[in-house]
Amino acid sequence: MNATQVLVLNSGSSSLKYQLLDMPEGRRLATGLVERIGEEGPGRLVHTPAEGERRERELPLPDHAAALRAAGDELAADGLGLDSPGLAAVGHRVVHGGRTFTEPTVVDERVLAEIERLVPLAPLHNPANLAGIRTALAINPDVPQVAVFDTAFHTTIPDHAACYAIDAEVAAEHRVRRYGFHGTSHAFVSRRTAELLGRRPEEVNVITLHLGNGASAAAVAGGRCVDTSMGLTPLQGLVMGTRSGDIDPAVVFHLSRVAGMSVAEIDELLNSHSGLRGLCGDNDMREVVRRMDAGDERARLAFDVYIHRLRSYLGAYFAVLGRVDAVAFTAGVGENATRVRTAAVAGLDALGLAVDERLNTAADRGPRLISPEYARVAVAVVPTDEELEIATQAFALVNA
Ligand SMILES: Nc1ncnc2c1ncn2[C@@H]1O[C@H](COP(=O)(O)OP(=O)(O)O)[C@@H](O)[C@H]1O
Ligand SMILES: CC(=O)OP(=O)(O)O
Ligand SMILES: [Mg+2]
């Protein structure tokens, strides 16, 4: 039988999302989420097969290897194990590929070493991605492991947008520059947005707003990324669930000198206790909006700071692109938070932006326009699907 299945692994700092897809149709055979990896107390696994009951259990999860083995067991129970002859490839989301990896890549020793070398640039993400690859290889060394890099789509960003204005030698020696992340999503969504407009990707300029727990914006000109809001690490740019996004770098010196905080403590502050959570205590946009509507001032401020930053990037990318055909909202917040979309473009008629509230609040799920007929710039909601995109790229590579 022809191997047509691709298992996609998306390892986060404390979670593992996985999907088994049958290609090239992209039909989902099973999806799962393993949470609370390496944290105190038991971890949790939820496995949903395409046919049959969803299964949920608690289990010890000391590390990512344990999480992947547990996921493998669930798949095996459905006859879909990592050693199944139907498996054509395992596709891995790898967050940091530096400037080395511009395309999906079959993993070998050299690739593993390079991902390892990039660990200092993505300390939360790359070790988890490596653990996923190594464990999958240990379970089945014969199936190709394909790494799909968050940074790959951003390697087209020109130097004038990617270079920080710091000492050039220091920057070069330590590889300090803007890399950008969520590239698989920005690529997928910008292409789908062109489709929605009935045009080819080469013909359109799109601003994609990936607003999930992590959040980033990208300026995409004719299918090529020319700027993005994340930088050396996924900390820069927009206000996120728990990350600060842009701050004056002197905040770090100030906290070190005046508050006596260590680098590790400031790192933790900016990555985990900032953003919406830092401003109001909640990192979930649903909760922020609910509290704001109930008159909570801290939640109101958190929402307003989030929106102000988003609008600043939106305006900046109009200047970067010169001509904008569409703005696309995606990921958990972008796809669901109607209030965020309304506030993001409110009063921007001069830029050709407007939202039709009837379309904005309609219960549709698929890619759709939410701007009124007359608007010069299309505003769209385009659900992202990083797993499908990774499976598509991995399947194409192993069949090439
Ligand atoms: N109906 C909703 N309204 C507002 N925000 C939502 C809604 N549903 C999900 N979200 C937001 O989406 C976020 C998760 O987005 P997601 O893209 O899944 O993030 P990640 O991949 O980074 O985990 C949640 O933190 C939540 O704030
Ligand atoms: C790179 C990044 O921020 O990823 P996530 O949004 O999954 O945390
Ligand atoms: Mg995500």
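Predicted model: local features only at pLDDT ≥ 70, side-chain atom pairs only at ≥ 80, totals over all residues.

Visitor: What makes Pro 383 partly exposed?

Guide: Buried needs 20 or more other C-beta atoms within 10 Å, and exposed needs 12 or fewer. Pro 383 has 17, so it lands in between and is called partly exposed. You'll find Pro 383 in the loop between β14 (378-381) and α15.

Visitor: Which residues is Pro 383 in contact with, leaving aside its neighbours within four places in sequence?

Guide: Thr 330, Glu 335, Arg 365, Gly 366 and Pro 367. Leu 121, for its part, is 262 residues from Pro 383 in sequence and 28 Å away in space, C-alpha to C-alpha.

Visitor: Why is α6 called roughly perpendicular to α15?

Guide: The two helices pack at an angle of about 90°, with their axes 9 Å apart. The label covers 65 to 115 degrees, so α6 is roughly perpendicular to α15. On the α6 side the contact is made by Thr 184, Ser 185, Ala 187 and Phe 188, and on the α15 side by Glu 386, Glu 389 and Ile 390. By class that contact has three nonpolar, two polar and two charged residues.

Visitor: His 182 and Arg 175 are in the loop between α5 and α6. How do you know whether His 182 is buried or exposed?

Guide: Count the C-beta atoms again: His 182 has 29 others within 10 Å. The cut-off for buried is 20 or more, so His 182 is buried.

Visitor: And what makes Arg 175 partly exposed?

Guide: Arg 175 has 14 other C-beta atoms within 10 Å.

Visitor: Which residues are around ligand 2?

Guide: His 182 is one of them, along with Gly 12, Val 95, Asp 150, Phe 181, Gly 212, Asn 213, Gly 214 and Pro 234. That shell divides into three nonpolar, five polar and one charged.

Visitor: What about ligand 1: which element supplies the largest share of the shell?

Guide: That's α12, with four residues. Both α10 and α12 (331-336) supply at least two residues each. Among the residues around ligand 1 are Asp 284, Met 285, Arg 286, Ala 331 and Asn 336. Split by class, the shell has four nonpolar, six polar and two charged residues.

Visitor: How do you know that the span of α11 is close to what is expected?

Guide: Helix α11 (residues 297-321) has 25 residues. The expected span is 1.5 Å times one less than the number of residues, which comes to 36 Å for α11, and the helix reaches 36 Å from its first C-alpha to its last. Its buried residues include Phe 303, Tyr 306 and Leu 310, and the elements they pack against include β9 (205-211), α9 (275-280) and α13 (338-345). After α11 comes Gly 322, with a positive phi near 80°.

Visitor: Which peptide bond is cis?

Guide: The one joining Met 23 and Pro 24, with omega about 5°. Pro 24 has its place in the loop between β2 (16-22) and β3 (27-35).

Notes: Residues numbered from 1 in each chain as written. Chains lettered and ligands numbered in written order. Contact = placed C-beta atoms within 7 Å. Near = placed C-beta within 6 Å. Nonpolar A, V, L, I, M, F, W, Y, C, P; charged D, E, K, R; others polar. Axes fitted to C-alpha atoms, helices over the stretch in contact; angles between N-to-C directions. Parallel < 35°, antiparallel > 145°, perpendicular 65-115°, else oblique.
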